Amino acid sequence: MKRNLMIFSCAAMLLAGSLSFAVAQDTTTVVTKKEVVVNSDGTYTVIEYPVGKEVMVNLLPGATLAGGKGMARIVRAADGTKVYVDVSGVPATTTNYYAYAVDPSGVATTLGPVTFKDGVATSEFMTPLNQFMVVLSPTEGLTTIDPTTVVFQSELPTGYTVVPRRTSEVKAVTITRTASPMPTAYDVPLLNVSSFGDKEKEVKLKFSDGLSAKAWINRQKGVSKIKLKFDDLDKAPMNTRFTLWASSVEGKYTKLGQVINTGKRDNAEIMSETALADFGLFLTVEDSDVMVPTGRNYSAFSVTIP
């Protein structure tokens with residue numbers, strides 16, 4: 001009995017210690033703790049997709065879509081991963097769902113809208129991720145993955161092992177100075193997308209550090225397809241995340257994708273879609289994967305004048 005009480009006391013002390021931390025934006029002392037959680041009920045199905053191999057993944061419908069059927073065909077290449085989604089059996093009144101790639105830390109990155117006609121939809125997306133699961137939701141800008149927000153979710157394919165779920169790093173820090181506050185709003189002009197017509201339109205931006213980027217927007221059938229290309233990525237600091245956002249008329253932000261400077265490439269590309277009728281585009285520089293923009297350093301796209 002004494003031994004059991006001792007073990008229980010030690011465990012309680014460790015748990016209490018792991019939950020105590022102070023948060024700051026600038027640090028001198030960092031202590032990191034990582035936890036791994038894997039759900040045995042199959043609700044967490046992140047896998048790593050091998051290069052050059054096509055993987056077929058069942059999309060399992062939620063309880064509200066008993067007759068729904070879905071399949072994702074996923075092909076990873078050296079420059080990114082293509083995701084082909086094929087869904088049927090949803091209510092004929094459905095117009096759009098939104099597809100997301102959920103990474104090992106539970107962060108949902110928008111792949112784009114899935115547009116339905118008579119309960120059937122096919123869509124194609126591109127993502128830089130190589131470890132993720134696929135979910136579909138009626139919610140745009142999804143942040144929480146649970147049965148109330150997801151209508152389709154990828155099943156673990158035969159022969160693959162779940163990538164252990166990881167939590168964000170917990171840091172104990174010492175404050176050395178007061179950092180300037182993060183911006184709460186970004187000055188992002190709308191691009192007047194409705195004026196583009198059926199022709200592809202080029203927009204561009206330039207960061208102060210010399211990094212430049214161009215994007216092409218093609219608006220058709222209620223969906224805007226966005227292709228972004230970077231040049232001189234090696235000018236950016238290592239492991240920097242350049243995150244692309246769409247800013248709606250109401251000032252809400254939707255994550256469209258990100259590029260990470262690994263030091264092994266000068267050029268990079270993001271491909272995404274949005275159902276927004278008009279929007280602005282901007283990039284932020286982030287130190288970690290985020291679902292809302294937090295970077296102080298940002299730049300907005302502007303329409304190229306012929």
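I began with the side chains of Ser-248 and Glu-250, which a polar contact of 3.2 Å joins (a pair of N or O atoms within 3.5 Å; within protein, one must be able to donate a hydrogen and the other to accept it, and residues adjacent in sequence count only if both atoms are side-chain atoms). This is a predicted model, where local features need pLDDT of at least 70, side-chain atom pairs count only at pLDDT 80 or more, and totals for chains, interfaces and linings use all residues. Residues are numbered from 1 along each chain as its sequence is written, and side-chain values use heavy atoms, with hydrogens and water left out.

I placed Ser-248 in the loop between β17 (241-247) and β18 (253-260); strands are DSSP runs of E, at least two residues, numbered from the N terminus. Is Ser-248 buried or exposed? I find Ser-248 buried, at a relative accessible area of 8% (buried means under 20%, exposed over 50%, partly exposed in between, with a 1.4 Å probe and protein chains only). Leaving out residues up to four places away in sequence, Ser-248 touches Leu-190, Leu-276 and Asp-278 (contact means heavy atoms within 4.5 Å).

Next I looked up Leu-129, in the loop between β9 and β10 (131-137). Leu-129 is buried too, with a relative accessible area of 19%. With residues up to four places away in sequence not counted, I see Leu-129 touching Thr-81, Ala-101 and Thr-109. I also noted Gly-257: 128 residues from Leu-129 in sequence, yet 9.5 Å away in space, C-alpha to C-alpha.

Technical notes:
Helices (H or I, at least four residues) and strands (E, at least two) are DSSP runs, numbered from the N terminus.
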